[in-house]
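I opened my notebook to look up how this chain is held together. Here are my entries, in the order I made them.

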Amino acid sequence: MTTSAVIVNPSKVVDLEGRRAEICSVLAAAGWAEPLWLETTPDDPGCGMAEQAVEAGVEVVLACGGDGTVMAVASVLAGTDVALALIPSGTGNLLATNVGVTRDVAAALAVATGGERRRIDVGVVEDAGTFTVMAGMGFDAAMVGETPDDRKARFGWVAYVVTGLRNLRRRRMRLRIRLDDGPWLRRRASTVLVANVGRLQGGIPLLPDAHVDDGWLDVAVLSPRHLTDWAKLAWGVLRRRERPPRLETFRARSVEVRTGREEPRELDGDVVAPARRLVARVRPGALLLCVPGATTSRRPGV
C-alpha cells in the first residue's frame with residue numbers, strides 16, 4: 001500500500017476541505033493509505049513539511065500549491081527516493097506546465113497514482129536555494145517582485161503582464177557571464193534566465209530545446225534596447241524563429257553571472273535577496289517526479 005503526504009498551501013486553494021476530501025477519496029480508490037496532511041505557513045513555504053514527510057517514510061509527496069510550494073518541497077526531496085507529485089494550484093505552475101500536468105485536480109491525481117516516475121534535474125543557486133523551473137536576474141525578477149499577490153490571485157499569470165510593461169524601459173545591466181570553465185563574456189542585457197525548462201508563463205516557448213531531464217541548464221540573455229526591440233523579440237519567440245532578435249541562448253552545467261550593480265533575483269517566481277552575482281549549477285537526475293505516462297497525456301518538456 002503506497003504511503004504519501006499532501007503538502008498544501010492554504011492560500012492557493014479556495015475550498016480547502018473540499019480539496020482534502022477529493023484528494024483522499026482518489027488516493028483511497030487507488031489503494032493508497034490515508035495521506036499525511038500538512039499545510040504550509042507564511043513562515044515555512046513547505047521545507048519543514050517536506051522534511052516531516054521524509055522522516056515519516058512516505059513514498060510520494062503531493063505538492064498542492066504554486067511554483068513556490070513546489071520549489072520548497074523539491075529542495076528537500078532532491079537527492080532522495082521520495083517521489084514528488086504535482087497538484088497545480090498557483091499562478092504559474094511552470095514545472096507542471098512543462099511536464100504536461102494540468103490544473104485539473106482529477107487529472108493531476110491520475111498522474112500521481114497511475115503515471116510514470118522519472119528522474120529530472122534541478123538547479124542550485126549559490127546562497128539562494130534550489131529551483132526546478134528557472135532562476136532569473138534583472139527585468140524578470142523586478143517584474144515578479146512588483147506584482148502584488150492579490151493581483152496574481154485574481155488574474156493569474158496575466159497579472160505579470162501589467163508589471164512587465166512598466167519595466168520595459170528599465171535600464172539594462174552591464175554584466176559578465178561565464179559558462180562552465182569557459183571565458184568571460186561581456187554583455188549589456190535586460191535579464192538573464194538560467195532555466196531547467198523551456199516554456200514561460202502563458203506557454204511562451206522561450207527555450208524550446210530545454211528539457212527537464214537532459215542534464216543541462218539552458219541560459220537566455222535578453223538584451224532589447226527599447227520598446228521596438230521588445231516587440232521584435234516577443235514576435236520572434238512566439239513565431240518560434242530559430243534566432244529571435246536580441247536573444248542569445250547558451251547551454252551549460254554551471255553558470256556564473258556578475259553585474260556592475262546590485263540586481264533583483266528570483267527563483268521559480270519567488271524573489272530572493274538582490275545581489276551583484278548569480279551562480280547556478282545543475283544537479284542531474286536529482287528529483288524523482290511523477291509525470292504523465294502513455295495512458296494519461298503527453299509530456300512536452302520531458
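**Ground rules.** I am working from a predicted model, where local features need pLDDT of at least 70 and side-chain atom pairs count only at pLDDT 80 or more, while totals for chains, interfaces and linings use all residues. Residues are numbered from 1 along each chain as its sequence is written, and side-chain values use heavy atoms, with hydrogens and water left out.

**Cysteines.** I searched the whole structure for disulfides (a pair of cysteine sulfur atoms within 2.5 Å) and found zero. I then looked up burial, taking buried as under 20% relative accessible area, exposed as over 50%, and partly exposed as in between, with a 1.4 Å probe and protein chains only. Cys-64 is buried at 0%, and Cys-290 is buried too, at 1%.

**Nonpolar cores.** Next I looked for cores, meaning sets of buried Ala, Val, Leu, Ile, Met, Phe, Trp, Tyr and Cys residues joined through side-chain atoms within 4.5 Å. The largest has 68 residues, and Leu-62, Leu-84, Leu-86 and Leu-95 touch the most other members. Strand β14 (residues 270–291) gives this core its largest share, six residues. I took helices (H or I, at least four residues) and strands (E, at least two) as DSSP runs, numbered from the N terminus.

Which residues does Leu-86 touch? Counting contact as heavy atoms within 4.5 Å, and leaving out residues up to four places away in sequence, I listed Ala-63, Val-70, Leu-95, Ala-96, Val-99, Val-101, Ala-108 and Leu-289. Another core, of 24 residues, lies apart; Val-125, Leu-175, Leu-217 and Val-282 are among them.

**Helix α5.** In α5 (residues 105–114) I noted Val-105, Ala-108, Leu-109, Val-111 and Ala-112 as buried. They sit on the same side of α5, because they cover an arc of only 150 degrees around the axis; the arc is that of the directions from the helix axis to the C-beta atoms. The cover over the buried residues of α5 includes α1 (16–29), β3 (60–65), β4 (83–88) and β14. At the start of α5, a side-chain oxygen of Asp-104 comes within 3.3 Å of the backbone nitrogen of Ala-106.

**Salt bridges.** Side chains of opposite charge can pair when their charged atoms come close. My rule was a side-chain nitrogen of Lys or Arg within 4 Å of a carboxyl oxygen of Asp or Glu, and the count came to 12 salt bridges.

- Asp-213 pairs with Arg-118, with the closest N and O atoms 3.8 Å apart. Asp-213 is in the loop between β10 (191–195) and β11 (217–222) and Arg-118 is in strand β5 (residues 116–125), so the pair ties together parts 95 residues apart in sequence. Asp-213 is partly exposed at 31%, and Arg-118 is partly exposed at 24%.
- Arg-265 meets Asp-127 at 3.1 Å, N to O. The pair links strand β13 (residues 254–267), which holds Arg-265, to the loop between β5 and β6 (129–131), which holds Asp-127, 138 residues apart. Is Arg-265 buried or exposed? Arg-265 is buried at 3%, whereas Asp-127 is exposed at 61%.
- Glu-256 meets Arg-178 at 3.2 Å, N to O. Glu-256 lies in strand β13 and Arg-178 in strand β8 (residues 173–179), so this pair ties together parts 78 residues apart in sequence. Glu-256 is buried at 11%, while Arg-178 is partly exposed at 28%. Through shared partners, salt bridges join Glu-126, Arg-178, Glu-256, Arg-258 and Arg-277 into one network.

How values were computed:
Polar contact = N/O pair within 3.5 Å; in protein donor to acceptor, adjacent residues only side chain to side chain.
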